[in-house]
Amino acid sequence: MELLLVFAVVLLIAILISGFAHRTVLSTTVLFLVAGFLVGDGMAGFVHFGADDPTVEIISSLALFVVLFTDGQQVGIRELREAWKLPGRALLLGMPLTFVISALLGVWLVGLDWTQALLVAAVLAPTDPVFASAIVGRGEIPYRVRHLLGVESGLNDGLALPVVLFLIAAVGGPDAEPLELVEELGFGILIGVAVPLIVSWLVRRKMFSRTPLYASLTPVAVGLLVLGICELTHANLYLAAFAAGITIASVAPEMREAYREFGEQFSELIKLLAVLMFGALISPMFLAEVPLGGYVFAILLLIVARPVAVEISLIGSGMPWQERLTAAWFGPKGFASVLYGILVLQSGAPEADEMFHIIVVAIVISIVAHSSTDVPIAGYFARRFREQQAAAAPPADPHQHGQEPPERPSGDTTPRT
């Protein structure tokens, strides 16, 4: 109850300053992160829970599910097929390169052995749609950049999960059966595709009749069905969520429109609640336990590992350098990494606590850095667009400069205006 009370108060503050924050580097996401930090056990002690509390996993999992389900509805199969080239580069080349560079930094700066460094790199390799939405949702950003980041962040969580589980087993945690992991991922995609298809077929049958109110709840029912079935079958929840969103956008656009307003609002609420909760997990003592090399690692992860990897993956893509740089910079770490980090912490593997501390520092620095740069980046592209429009504008009307208009053709008796 304390968490909900704090969330309500901070939400009201965020509402009151949202107009100002949207125009400046002041981020409402950072506001919730700082508020959580201040009310957690390490500071005021008003909210009490640790990283192993079930509340943490439930809220984080729900936040990821909702955002993936919502973001998936922004991309149908047709749009995905037409513009797959850039996200494919980021996923199939950029993500593995980020993984390798991050592991090298972990060995060099933090003193992890290779298996531990690979595990930390795998946990931090995916970008997070919860925070990528801060820039993906801005119309000032060119569409291909928004599309690249949206598709990449929606798919890379599920791609990183099996690697994380295998590496947890390799460092001494619980065993992960390869066949079970493949089944988990496959069933997740199957459920995410099958449920929307079945529901879409049912609602189109003439034997059924829906009122407008209940028709608007159809996509909510789809999401809850996918969530419930995945929990019962242990299928991959996140791949199922994104697959369901894409399927809705592809075969039932009316469902997407019905869900749009509610989905965006609920997605924002659950995201901010999860940020608040994550902030409450952090304390000054927790941050002091991380060695200096851990902080250097986290910074270089943002300014070297991701940018270098994405820049390499986009060579020859034809994107202007400004767009490439934006895509390379904006790779926020968030709740996928939090969840995978909690798996590491709960694995009982040697040095699990040390690895979790490094992961948390990297996530915190990423949240602060990326949530504080979306407005300046969007502002730059907005100014660039206005300059391009002005350069392409036709010559001005001579009347506007006090010039005499040209002579009219002979026989033209239309009065001058």
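Start by selecting residues 253-280: this is helix α13, whose 28 residues reach 39 Å from first C-alpha to last, close to the 40 Å expected at 1.5 Å a residue. That expected span is 1.5 Å times one less than the number of residues, and helices here are DSSP runs of H or I with at least four residues, numbered from the N terminus. You are looking at a predicted model, where local features need pLDDT of at least 70, side-chain atom pairs count only at pLDDT 80 or more, and totals for chains, interfaces and linings use all residues. Residues are numbered from 1 along each chain as its sequence is written, and side-chain values use heavy atoms, leaving out hydrogens and water.

Now pick Arg-260, where a kink of about 50 degrees in α13 is centred. The bend is the angle between axes fitted to the seven residues ending at a residue and the seven starting there.

Next, go to Ala-280: its C-alpha is 8.0 Å from that of His-48, although the two are 232 residues apart along the chain. Select His-48, in the loop between α2 (28-39) and α3 (54-72). Is His-48 buried or exposed? It counts as exposed because its relative accessibility is 53%; exposed means over 50%, buried under 20%, and partly exposed in between, with a 1.4 Å probe and protein chains only.

Show the side chain of Asp-41 too: a polar contact of 2.6 Å joins it to the side chain of His-48. Such a contact is a pair of N or O atoms within 3.5 Å, one able to donate a hydrogen and the other to accept it; residues adjacent in sequence count only if both atoms are side-chain atoms.

Finally, zoom out to the protein chain, with its 19 helices.

Technical notes
Helix = DSSP H or I, 4+ residues; strand = E, 2+ residues; numbered from the N terminus.
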